[in-house]
Structures are given as structure tokens and as C-alpha cells.
Amino acid sequence: MAASALALTACGGGTQAASTGGDADKKIVMGFAQVGAESGWRSANTKSVQESAKEAGIELKFSDAQQKQENQIKAIRSYIQQKVDVIAFSPVVESGWDTVLKEAKDAKIPVILTDRAVDSADKSLYKTFLGSDFVLEGKKAGEWLVAESKAATDTVNIVEIQGTTGSAPANDRKEGFEAAIKADPKLKIIASQSGDFTRSGGKQVMEAFLKNNPDIDVVFAHNDDEGLGAIEAIEAAGKVPGKDIKIITIDAVKDGMTALSTGKINYIVECSPLLGTQLMDLAKKVLAGETVPERVVTEETTFTQEQAIKALPTRQY
């Protein structure tokens with residue numbers, strides 16, 4: 001996976017020697033606290049981490065937080081007690097991590113953020129953040145809609161199905177999308193609600209939108225699963241997804257790409273879940289005392305229907 005560093009300075013206070021005690025044969029132990037299994041993207045992300053750890057010869061202690069911050073905090077504290085070498089996690093929400101991250105720092109266990117960021121002012125609490133630029137993803141979605149709506153003469157009514165409330169991707173994708181559509185005053189968000197990044201949540205939210213707003217032109221869903229749920233609700237209402245109501249999503253997992261290839265989704269911004277290899281490489285560098293970038297961004301693309309048809313046969317997730 002190609003990656004570009006946005007910053008070249010090491011994150012946090014100084015470098016830390018590898019916690020292998022000089023024993024080159026000692027296997028690195030990583031504690032990984034996953035958000036959950038709320039979507040196809042998350043399942044692919046988990047698989048990538050697990051397979052990459054095995055390939056890298058790293059022992060992985062894995063926990064599923066079931067989308068609850070308190071479960072992640074318990075898992076991280078358990079990893080601290082077990083004296084793992086490195087902790088990695090994808091935060092359920094952005095805030096509320098300083099205390100437990102300080103505990104890890106005091107225990108001299110480096111922390112790597114993957115996929116999602118935290119809003120802590122103390123950057124020394126973690127070594128690096130590996131993941132996508134969520135603001136840019138939202139911006140790409142909005143820019144496509146601006147171009148697509150140029151010929152429209154009436155107001156374009158948009159409903160937004162947000163991700164998990166308080167999470168970095170939900171906050172940032174909303175910010176990027178809204179910034180992009182300001183370029184066209186015809187584009188108006190008439191309703192916005194969280195679908196919690198799940199297909200069932202997307203369906204429920206879309207059902208409510210359709211009930212309360214008879215004239216919907218566009219759905220912007222923060223991930224494919226929410227968009228796929230919205231498709232179910234739109235079809236149940238007797239409308240044609242992709243035609244009567246345009247749909248824009250983010251992720252580009254196989255189910256989403258399939259819907260795009262058949263015209264039920266109109267545009268997808270990619271967010272790659274295959275972060276495992278980069279994560280293991282960063283963990284080894286951190287434990288070896290090497291300087292790592294404080295931000296590593298994955299390179300991603302966008303897909304139209306034609307591009308989805310071409311990409312699907314070799315899609316890994």
C-alpha cells in the first residue's frame with residue numbers, strides 16, 4: 001500500500017528503544033483494540049491486521065469493542081497489565097482518551113493510532129497515526145455532486161446519513177462535504193442523522209427521511225453499508241436508487257462497488273481498509289527506536305460506474 005507522510009518529525013517525546021530487551025529472538029507482542037464488526041470495511045480491516053501480524057511474525061492480542069469506547073479502554077488497560085510491546089487501536093470516538101493513553105505512556109508502551117484519530121492536545125501520547133484523510137474523502141464526494149448538479153435549475157435536496165456520532169470519519173467527512181458543496185448554493189442538506197456506519201442503521205434513517213421529506217434528490221452516506229441500507233429503503237418506497245435519488249458513498253468495499261456497477265449507487269470515494277502491512281512496519285520501526293512520521297496517509301481513489309465494473313474482478317475486499 002502506497003503511503004505519503006504529511007510530517008517528517010517524530011511524534012511524541014523522543015524515541016523509545018525496542019522492548020525486546022535486546023533479545024532479537026523475542027517475538028513482538030501487539031495489543032490491538034478494534035472498533036467492532038459494524039461493516040464490510042471493518043471486517044476487511046480486521047482481516048488485514050490479523051493476516052499482516054502473522055506474516056510479520058508479530059503476536060497479536062485482539063479485542064472487539066462492539067463500537068463501545070468503554071470496551072476499548074478496558075482492552076487497552078488489559079494490554080498495559082499484560083505488558084505488551086506495542087498497542088494499536090482504531091478509536092470509536094475522538095474524545096476521552098487522554099487518561100488511558102497517559103497510562104500506556106507511563107508504562108513505556110508506545111501507542112499507534114490506526115484508521116481513526118483522537119482529539120488530544122498532547123501528541124506525545126501516541127507515536128503515529130496511520131489512516132485516511134477523511135476530510136478529503138468528504139470533499140471528493142461533494143466536488144462530484146457540484147459537477148453533477150451544474151445543469152440543475154432547482155434546489156437539489158440532499159439527505160446525509162452520518163457515521164457514528166463523535167467519530168473522526170463522521171466529523172471529518174461531514175466537514176469536507178459541506179465545504180465542497182458551498183460552491184453551489186442550489187445544493188442544500190435538508191436532513192442529517194447518524195446511521196452508525198451500519199446497513200440496518202442506514203435503512204432505518206432513510207426510511208425516516210423518506211417519510212418526512214417527500215422530495216429527496218441525493219443521499220450522501222458516510223459509508224457503503226449505510227448507502228446499501230438506504231437502497232433497501234428507497235426501493236421499498238417504490239423509487240429507483242441511482243435514478244430517482246442519486247447516492248454517494250465512501251469506502252468502496254465489494255458490496256458497494258457491486259451496487260455502483262449496476263447503477264444503484266452513483267459515485268464512491270475509496271477508503272482502503274488494508275492497513276495491516278503498514279501498521280506492522282510502523283510497529284517494528286517504533287520499537288527499534290526509529291523516527292516515524294506523525295501522520296501517514298493512505299493513497300486512495302474514486303469510482304464511477306464504469307470504473308467499478310473494471311475494478312470489481314480484482315477487488316480484494
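**A tour of helix packing and the nonpolar core**

Start by selecting Asp224, Leu228 and Ile231 in H7, which meet Asp255, Gly256 and Ala259 in H8. Here contact means heavy atoms within 4.5 Å; helices (H or I, at least four residues) and strands (E, at least two) are DSSP runs, numbered from the N terminus. By class, this contact of H7 with H8 has 3 nonpolar, 1 polar and 2 charged residues. Ala, Val, Leu, Ile, Met, Phe, Trp, Tyr, Cys and Pro count as nonpolar, Asp, Glu, Lys and Arg as charged, and the others, Gly among them, as polar.

The model is predicted: local features need pLDDT of at least 70, side-chain atom pairs count only at pLDDT 80 or more, and totals for chains, interfaces and linings use all residues. Residues are numbered from 1 along each chain as its sequence is written, and side-chain values use heavy atoms, with hydrogens and water left out.

Now show H7 and H8 as helices. Their axes come within 9 Å and cross at roughly 50 degrees. Axes are lines fitted to C-alpha atoms, for helices over the stretch in contact, and angles run from 0 to 180 degrees between N-to-C directions. That angle makes H7 oblique to H8; angles under 35 degrees count as roughly parallel, over 145 as roughly antiparallel, 65 to 115 as roughly perpendicular and the rest as oblique.

Stay on H8 and select Gly256, Met257, Ala259, Leu260 and Ser261, its buried residues (buried means under 20% relative accessible area, with a 1.4 Å probe and protein chains only). The buried residues of H8 pack against H7, strand S11 (267-270), strand S13 (302-303) and H10. Next, pick Met257 alone. Beyond its neighbours within four places in sequence, Met257 is in contact with Ala252, Ile268, Phe303, Ala308, Ala311, Leu312 and Arg315. Just after H8, look at Gly263, which takes a positive phi of about 90 degrees.

Which residues touch the most other members of the largest nonpolar core? Select Ile161, Met206, Phe209, Val219 and Met257, out of 27 residues in that core. A nonpolar core is a set of buried Ala, Val, Leu, Ile, Met, Phe, Trp, Tyr and Cys residues joined through side-chain atoms within 4.5 Å. H7 gives the most to this core, with 5 residues.

Last, go to helix H2 (residues 69-81) and helix H3 (residues 98-106), whose axes come within 10 Å and cross at roughly 10 degrees. H2 and H3 are therefore roughly parallel to each other. Select Ile73, Ile76, Arg77 and Ile80 in H2, which meet Thr99, Val100, Glu103 and Ala104 in H3.

Terms used:
Buried means under 20% relative accessible area, exposed over 50%, partly exposed in between (1.4 Å probe, protein chains only).
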